[in-house]
Amino acid sequence: MVRFMIFKYLFHCFVFALLLFSTPSLSAVILQYHHVSEKLPAVTSVSEETFKTHLTYLKENDFNVIHLDKLLHHTQQGKALPGKTVAITFDDGYDNNIEQAVPILEEFGYPYTIFVNPQLIDENKSYVMTWDELRSLAKRGALIANHSAKHDYLHLKQVGETQAQWLKRVREDILFSEKRIKEEVGHNVKLLAYPYGEFNRLLQSLVKELGFVGIGQHSGAVSKFTDYTRVPRYPASGFYSKLDTLKTKLHSLPFAISELDYTDSVTTNPTPTIEIEFASKDFYQSQFACFVSGVGRADIAWKNEKRVSVTSPEDIKKGRTRYNCTAPSIKHPGQFYWFSQPWVLQTSDE
């Protein structure tokens, strides 16, 4: 009898694991890297050893690593993907990507995306890869995508610039960059990673009008509920490279969000508020928690069963800040829903 009970318990554990890790999913996770190097700023870098540790974890735990455009196509259309699907991305096209990162990625057989700045490549900047190198990577399976012409803050107007002039300039920047990538490597995937992960409402509207997907640097998983002018990615460099915390993010789930109500992510309000409307809730309301980077726990007020207001209890710091909201899943024990709201606090004269 005891043996039978042990066998029954082990069988149920096996079935649970099979369901958790093999069931098709309508969501996925995107990782963001910059440098694979020990000589460059630690805040945006991982060592080769750490990078190998990340990929080893993906391999040993049967993650499905695919190209970013395929991942986004499936999630945007609400099409199922294999469970635990991930895309690996790099911003800026640094030369250490081809020197350190690519050999490791090819060793694991993993596809990846590199967001590049075409004007900086055309100007032969010493720290970025050349078009010849990018063509070589593209032929070996890399996806090359748009990161603006020269890594400007796209949402910022220049001194004396009108909104119409800003709109014309940024439109030309995005389209020029996409054109140069297509000319040099043949790709035209219309994916734009915002420089510094910063965007505002006007930039999001332009990106949507041009038929691009806009991609940020704020945290969260991706699904059909994602706003595809502000797709989240999990930074995996520097402080965020620790595998213990990265594991939780790799297994995270996207909240089913039907509406995000806030004035703008670029703001002069030091205590900005966002209201989140959920299409459905697979979590207990009491376990929903939000934190403000550099401040601590956010103030939360539930308006009704599906709508919540989130505000910082004190002034956020100038520059980039996030509200990170999480809740443990009821249906998927051990997994967390995750949402991040990025803010850029400016002074009124900027």
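A: Start with the whole chain. This is a predicted model. A compact globule of 350 residues would have a radius of gyration near 20 Å, and the chain has 21 Å, so the two agree. The C-alpha trace spans about 80 × 50 × 35 Å along its principal axes. Nine helices and 20 strands make up the count of elements.

Now the helices. Take α7 and α8 to begin with. Helix α7 covers residues 163-185, and helix α8 covers residues 201-209. Their axes come within 11 Å and cross at roughly 50°. An angle of 65 to 115 degrees would count as roughly perpendicular, and one under 35 as roughly parallel. The pair α7 and α8 is therefore oblique. Their crossing is right-handed.

Which residues touch? On the α7 side they are Q163, W166, L167, V170, R171 and I174. On the α8 side they are L202, L203, L206, V207 and E209. Sorted by class, this contact holds eight nonpolar, one polar and two charged residues.

Next comes the pair α2 and α9. Helix α2 runs over residues 48-60, and helix α9 over residues 243-250. The axes come within 11 Å here too, and they cross at roughly 40°. That makes α2 oblique to α9. The crossing of α2 past α9 is right-handed.

Look at the side chains in this contact. T53, H54, Y57 and L58 belong to α2. They meet L243, L246, K247 and L250 of α9. By class, the contact has five nonpolar, two polar and one charged residues.

Strands complete the setting. Strands of a sheet pair through backbone hydrogen bonds, either parallel or antiparallel.

Strand β14 spans residues 273-278, and strand β18 spans residues 307-311. Five bridges join these antiparallel strands.

Definitions and conventions: Residues numbered from 1 in each chain as written. Predicted model: local features only at pLDDT ≥ 70, side-chain atom pairs only at ≥ 80, totals over all residues. Heavy atoms only, no water. Pairing = 2+ DSSP bridges. Helix = DSSP H or I, 4+ residues; strand = E, 2+ residues; numbered from the N terminus. Axes fitted to C-alpha atoms, helices over the stretch in contact; angles between N-to-C directions. Parallel < 35°, antiparallel > 145°, perpendicular 65-115°, else oblique. Left-handed = near helix turned anticlockwise from the far one by under 90°. Contact = heavy atoms within 4.5 Å. Nonpolar A, V, L, I, M, F, W, Y, C, P; charged D, E, K, R; others polar. Rg over C-alpha atoms; globule rule 2.2 N^0.38 Å.
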